Amino acid sequence: ARAGTIVACSFFLTLCWTRAFVVANNNYDEQIEIEFEQYRAGLLESWLRDNDAQFDSLGITYAVSEGRGVVAENSILSRETVAVLPRKTLITTPTVLRLGYYGKRAYRLEYASWSNSQYLREHISMAVFIMEQRIDRSSFFYKYLDTLPKDLTHLPMFYEEDDFSTFTGSEFPLEVIRMQSSARNEFWELCKLLGRSFSHKFTVDEYMWARASILSRAFRIYPE
């Protein structure tokens with residue numbers, strides 16, 4: 001891999017900040033929520049271990065008020081390796097180019113408004129790739145993607161006007177509105193450039209979910 005070219009989705013951030021709102025007979029049931037999230041975390045753990053990931057010193061907890069989190073189950077020394085994740089479990093730009101159909105095409109677009117931005121090319125093509133893999137049950141990444149939060153309304157990408165009331169006098173609301181507008185425009189541009197088959201398969205809400213998922217859990221990795 002070339003230095004500075006890879007963007008990967010993080011296992012740790014995937015485990016954190018997840019919140020499911022479960023409705024049983026129109027009544028919220030806290031215990032159902034906890035059991036559901038523990039089940040989803042177990043699926044993710046199984047997928048990772050089946051693919052040679054190692055994180056024996058770490059455990060997963062869930063609290064209704066805080067969501068899912070990673071905790072140390074044993075004492076951890078300074079500079080001790082706490083987890084090993086094989087590269088095959090990471091969704092990276094080379095992965096998108098190797099396995100993606102629409103994702104690869106999105107990355108290689110020459111006349112898109114983001115074509116001159118490596119950062120946007122990576123993030124946009126990865127969002128498209130995630131949408132592809134999320135609906136393909138035969139995909140290697142399907143089990144991983146199926147454990148990601150379904151509801152991301154706690155993230156700025158999905159903020160509405162009422163959510164900005166606590167930010168009076170700040171430029172934050174304007175920045176969020178610009179981000180939301182940019183994401184929507186990216187999707188409509190993708191529909192235009194990738195054709196009718198793309199626009200019939202995916203929705204703008206799915207694209208914004210994918211973009212928000214990446215923004216909240218992506219980091220850049222470099223060769224050793």
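Helices here are DSSP runs of H or I with at least four residues, strands are runs of E with at least two, and both are numbered from the N terminus. The structure is a predicted model, in which local features need pLDDT of at least 70 and side-chain atom pairs count only at pLDDT 80 or more, while totals for chains, interfaces and linings use all residues. Residues are numbered from 1 along each chain as its sequence is written, and side-chain values use heavy atoms, with hydrogens and water left out.

Part of α7 is tucked away from solvent. Its buried residues (under 20% relative accessible area, against over 50% for exposed and in between for partly exposed, with a 1.4 Å probe and protein chains only) include P173, V176, Q180, A183 and E186. F187, E189, L190, C191 and L194 are also among them. This buried set packs against four helices: α4 (102–107), α5 (118–134), α8 (196–201) and α9 (204–217).

Now for the rings. Across the whole structure, a search turns up 15 aromatic pairs (Phe, Tyr or six-membered Trp rings with centres within 6.5 Å; planes under 30 degrees apart are stacked, over 60 edge-to-face, and the rest tilted). In one of these, the rings of F187 and W188 have centres 5.1 Å apart and planes at 70°, so the pair is edge-to-face. F187 counts as buried at 1% relative accessibility, whereas W188, at 48%, counts as partly exposed. Both belong to one aromatic cluster, together with Y101, Y102, F198, F202 and Y207.

Rings also meet charges. The charged end of R134 sits over the ring of W209, 3.7 Å from its centre (this needs CZ of Arg or NZ of Lys within 6 Å of the ring centre and within 35 degrees of the ring normal). R121 likewise lies over the face of Y107, at 4.1 Å from the ring centre.

Finally, there is a loop residue to look at. N51 lies between α2 (30–50) and β4 (58–63), and with 9% relative accessibility it counts as buried. Leaving aside neighbours within four places in sequence, N51 is in contact (heavy atoms within 4.5 Å) with P86, K88, T89 and F140.
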